Amino acid sequence: MPTDDPRSASGFTDADAAALYDVLCPWDARRWPGDAFYEPLVLAADAVLDVGCGTGAMLHAARRHGHTGRLTGLDPDRASLERARRRTDVEWVPGTAAEAAWDAEFALAVMTGHAFQCLVSDDELRASLAAVRTALRPGGRFAFETRHPQARAWERWSPEHATEVVDASGRRLRVWHETLSVGDGVVTFTETTATPGGRVLRRATTALRFLEPAALDALLRAAGFTVEAVYGDWARGPVTAESREIVTVARRP
Ligand SMILES: C[S@@+](CC[C@H](N)C(=O)[O-])C[C@H]1O[C@@H](n2cnc3c(N)ncnc32)[C@H](O)[C@@H]1O
């Protein structure tokens with residue numbers, strides 16, 4: 001989550017942004033159906049690779065809930081990974097999905113929190129899927145979700161949907177998103193963190209890919225996955241014209 005302004009003149013650092021992510025998006029399988037979807041998959045797998053693990057909250061929870069096997073988190077964002085390292089009984093590896101260099105080591109790979117949508121270009125998607133497939137043992141599974149483009153989530157990324165939060169150090173903050181462009185399945189937007197009075201502390205720009213189900217299916221099959229299940233919601237319902245998510249469980253044959 002690097003800022004657009006590396007000088008961080010505001011004093012709001014990358015480490016602050018990583019800590020704020022955990023306040024805004026706490027991992028909690030008791031509260032969030034998406035987190036509850038992944039929890040049993042993770043606890044049942046003896047070796048788990050969390051691709052785009054961010055601050056590591058999912059793997060922290062897996063260890064807390066009794067996972068005794070191998071847990072590995074991979075993420076290119078240094079500040080997030082630094083925060084993840086607060087737990088030392090999990091392996092933390094810097095890098096992108098495409099840089100994953102394991103060979104047939106994991107029973108399960110996951111990309112949670114829409115991390116899959118950070119894979120923007122077709123080339124990056126292909127290289128990432130190939131690397132994740134290679135990291136899995138034969139029979140191993142890859143579970144992830146991506147927002148369904150038909151729900152047009154980006155239309156709600158605007159200042160009137162700002163969230164007010166108190167960060168870990170007690171600062172009151174206001175966070176909002178603003179869509180900059182939509183085209184060719186790629187949405188770019190800013191995330192702004194400000195004081196309640198509106199003084200901007202940080203603004204970061206991100207691009208996310210929104211894939212149609214058929215395009216996603218074709219990419220997975222071309223990468224050598226079989227598609228075990230595709231759901232349109234966290235209760236394992238089918239993908240319909242109302243679905244907001246595409247939740248996929250793919251398998252390395
Ligand atoms: C929205 S966060 C999700 C974090 C975490 N998985 C969760 O569920 O809260 C997306 C994460 O994907 C990471 N990311 C961005 N590009 C990536 C890439 N090419 N490969 C792997 N991870 C990437 C980001 O650094 C960020 O930590």
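Two strands are said to pair if DSSP finds at least two bridges between them. Helices (H or I, at least four residues) and strands (E, at least two) are DSSP runs, numbered from the N terminus.

Good morning. The structure before you is a predicted model, in which local features need pLDDT of at least 70, side-chain atom pairs count only at pLDDT 80 or more, and totals for chains, interfaces and linings use all residues. Residues are numbered from 1 along each chain as its sequence is written, and side-chain values use heavy atoms, with hydrogens and water left out.

I begin with strands E5 and E11. Which residue of E11 is the bridge partner of Thr146? The partner is Ile246.

Both strands belong to an open sheet of 7 strands with mixed pairing, in the order E3-E2-E1-E4-E5-E11-E10. At its edges, E3 (91–94) and E10 (226–231) each pair on one side only.

Next, the helices. Helix H2, residues 33–44, lies across E1, E4, E5, E10 and E11, and runs at about 170 degrees to E5. Such angles run from 0 to 180 degrees between N-to-C directions, with axes fitted to C-alpha atoms, for helices over the stretch in contact (heavy atoms within 4.5 Å).

Finally, helix H3, residues 57–64, has 6 of its 8 residues buried, that is, under 20% relative accessible area with a 1.4 Å probe, protein chains only. Among them are Met58, Leu59 and His60. Their cover includes H2, E1 and helix H4 (78–84). After H3 comes Gly66, with a positive phi near 105 degrees.

Note on methods
Buried means under 20% relative accessible area, exposed over 50%, partly exposed in between (1.4 Å probe, protein chains only).
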